[in-house]
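Subject: Structure handover

Hello,

My notes on what was found follow after it.

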Amino acid sequence: MKLNGSEILIESLKREGVKTIFALPGGVVLKIFDTLHQQTDLQVILTRHEQGAGHMAEGYAKATGKAGVCLVTSGPGMTNVITALADAYMDSVPLVCISGQVPTSLIGNDAFQEADNVGLSRPCTKYNFLVKDVNDLAATIKEAFYIATTGRPGPVLVDIPKDVSMNKAEFVYPNSVSIRGYNPTYEGNKWQIKQAAEAIMKAKKPVLYVGGGVGFSGASQELLELAEMTQIPVDMTLMGLGVFPGQHPLSMGMLGMHGTYQANMAIHYSDLVIAIGARFDDRVTGKVAEFCPHAKIIHVDIDPTSIRKNINVDIPIVGDCKTVLRELNQILRATVNGEQKELRKPWWDQIREWERAHPLTYQQDADGPIKPQHVVKRLYELTKDRDPIVSTDVGQHQMWAAQYFKLAKPNRWLTSGGLGTMGFGFPAAMGAQAAFPGRLVLCIAGDGSIQMNMQEMATAVVSKLPVKIIILNNRFHGMVRQWQDLFYEGRYASSYLDTTPDFVKLADAYGAVGLRANKVDDLDAVLKEAIAVDKPVIVDVPTYPFENCYPMIPAGGCNHEMILEDPPELKKKQTGSAKVTPEDKDTVLTA
Amino acid sequence: MEHIISVTVENKFGVLSRVAGLFSGRGFNIESLSVAPTLDPSMSQMTIVTSGDERIIEQIVKQLNKLIDVIKVVDLNETEFVSRETALIKVHTKPEDRAEALRIVDIFRGSIIDSTPGTYTIEVSGDSGKIEAIINLLQPLGIKELIRTGRVAIAREPVRPAAVQAKKVARE
């Protein structure tokens, strides 16, 4: 049966189990859109900006564990989606991005809306293809999905020139893929796993340091078994939140720059670090030379380049987290003698002492300005029974969400970790909502970040994606302001946002619902109202603008040297004489 | 430390830029790089001369392996290898220098591949030390133009004792 390129593309996507694509049309992809228009198997969500399409596909992928798909046009369509590709590349999100290209006869001629899509996306994709012949299209799509979803997942771009989308070819969808240069290792080395098990049995102060890889590999159950069997505390990375239940007594919460006191102290003073699906990012290690000075390090990762990239590793295990953990658990089950709790008691006593000494804390006065942490905490309390999916943007609110919103399961946490992309949260939440129409999807955002993809509110309203956005509105780029207060003597260079829009009216203008909580007492009622609405909602919560996020390890600092509260001079400043600019002083302080 | 890395890649468009982009994007150093198809025309062989400490070289090898179009990576420094480089050197030759130029070429077992009344074009091949040496000797004559291929290298075949060889042949 001969089909044209567009039909081949859509048939191939269907074979890959794609249900939803996030897309924005343009000249060279019109044939593809025209074909999409005449079928009903694939749902097309029309976004307002290609970056939104990319992040929606990411949100879809993170929530479902399957590849997200976006479709953009050539030139500016491609350049707009680059941020999402780079974000997905850093955070290992399986993504297939289809981009349009000018007809093959015009490639290289600086044609209208031409860009070198393969060249532009090369450093921020796992792989990319330019399809020059319609006969190669089906096989290319098969390879794209295979590469995106296997091994360490990542984004793959398929660039389709206009003529390829129109030319006809026999449609044959391959059953399998074989790429001689690409054979991810799933099975860990048995001898190394045995070494790891021995090290675990010998360790007195071990810590599990787990990341997003555990989620991608679906190894949460195996991780839980390992932790419970051996009674080892679990530090989670930002990307790893949810792979281990946040409320579990063995959970230390997040580690790293804004991690909990106990998580950072535990890893610093440990004698064995068991890193699983994590990559020793600088936000976790702090000063590399003094990272875990007393510890032996086991590192399980499917990507060999992650191992020994930043940190010297004693027992490297290249393999899939789930496969390796299964094998490790099997060995440990035979050796662990049921006295692990007793054995670990001194270590746990120490950890509980750290926990008691410096718990996560903030002060919320009944009649004072609303504290951002309090908003996250109330949101968590009010929604935890509904097993929500939570997305965030990037900045202070993201860290507070990571600290106070305790997730019970994987695939519930959508955040931009590696690239730190402001504007990620809202479209990502929409992508997750598109995958799970019935679920509660929350987007915790800042007033700075949300404006970076605000235009997608139109998409949310039209495509009926009832995401609940909670804006912690401090009228600042809060994290920038925090660094300026701590390291730049309080000079607020371009961090004060001055005239933010009225988000309630803005929601209204888009046909969404806008709500505001002005006082602490209003907060619960407003949040409940927002959750009850079956429409996209913005909840604008003006918060205390000078709240800082602690604990904090200054960049390049050491994990056990955390700043735990505002330094005295900053405290003094905040209680009286905070200055933005003279004329803005009142506005900021009466928040 | 200098390492010579031999990389077998898919013979497709864009592969060179993937490899070059990896080196520039991660701040790895390339001293020379040569590429040409192998006996199997679907593959190309790259020889990359790079330098770095042990950890950097390990990362280079791993990152190259991670590229989908890379089929095989060998750090030749881990084995015995031989390397060669070819240079084409165009030297000015005044009438009184021509004999001297010929002598130098002869010593280095090079050859003259083009000649004009005022120049010789010399082809010489060898390890990098030899190329450096002939360049140094020719410099006083006046080098007009110089092209070097960059190094190519190949692992030495392990030498087996004759008895083992014979057994293997017998088995086959």
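Predicted model: local features only at pLDDT ≥ 70, side-chain atom pairs only at ≥ 80, totals over all residues.

Residues are numbered from 1 along each chain as its sequence is written, and chains are lettered from A and ligands numbered from 1 in the order in which they are written.

Confidence

Two residues are in contact if their C-beta atoms, placed from the backbone, lie within 7 Å.

Domains of chain A

Chain A is split into domain 1 (2-170), domain 2 (190-357) and domain 3 (372-589); the bounds come from an automatic or database domain assignment. The centres of domain 1 and domain 3 of chain A, taken over C-alpha atoms, are 32 Å apart. Their contact uses 25 residues from domain 1 and 26 residues from domain 3 of chain A. On the domain 1 side, β2 (20-23), β3 (43-46), α3 (50-64) and α4 (76-90) of chain A supply at least two residues each. Helices (H or I, at least four residues) and strands (E, at least two) are DSSP runs, numbered from the N terminus. α3(A) gives the most to that side, with 11 residues.

A sheet in chain A

Chain A has an open sheet of 6 strands with parallel pairing, in the order β3-β2-β4-β5-β7-β6. β3 and β6 (127-130) of chain A are at the edges with a single partner strand each, so one side of each has no neighbour in the sheet. From one strand to the next, the twist averages 20 degrees. Two strands pair if DSSP finds at least two bridges between them; β2(A) and β4 (68-72) of chain A run parallel and are joined by 2 bridges. Ala23(A) has Leu71(A) in β4(A) as its bridge partner. α4(A) packs on the sheet and touches β4, β5 (95-101) and β7 (155-161) of chain A, and its direction makes about 160 degrees with that of β5(A). Axes are lines fitted to C-alpha atoms, for helices over the stretch in contact, and angles run from 0 to 180 degrees between N-to-C directions.

A buried helix in chain A

In helix α17 (396-404) of chain A, 9 of its 9 residues are buried. A residue is buried if 20 or more other C-beta atoms lie within 10 Å of its own, with C-beta atoms placed from the backbone. Among the buried residues of α17(A) are His397(A), Trp400(A) and Tyr404(A). The cover over them includes β11 (251-254), α16 (372-383), β15 (389-392), β17 (441-446), β18 (468-473) and α20 (478-487) of chain A.

Chain B

Chain B is assigned domain 1 (2-78) and domain 2 (82-154). Their centres, taken over C-alpha atoms, are separated by 29 Å, and the contact takes 8 residues from domain 1 and 6 residues from domain 2 of chain B. On the domain 1 side, β2(B) has the largest share, 3 residues. That side of domain 1 of chain B has 4 nonpolar, 4 polar and no charged residues.

Strand β5 (81-92) of chain B pairs antiparallel with β9 (152-155) of chain B over 4 bridges. β5(B) also pairs antiparallel with β7 (119-126) of chain B over 8 bridges, and with β8 (143-148) of chain B over 5 bridges. Lys90(B) has Thr121(B) in β7(B) as a bridge partner and Glu145(B) in β8(B) as another.

Contact between the chains

Between the chains, 16 residues of chain B contact 13 residues of chain A. On the chain B side, α1 (15-25), α2 (54-66) and β4 (70-75) of chain B give two or more residues each, and α2(B) has the largest share with 6 residues. The classes on this side of chain B are 3 nonpolar, 6 polar and 7 charged.

Regards

Key
Nonpolar A, V, L, I, M, F, W, Y, C, P; charged D, E, K, R; others polar. Buried ≥ 20, exposed ≤ 12 C-beta atoms within 10 Å, placed from the backbone.
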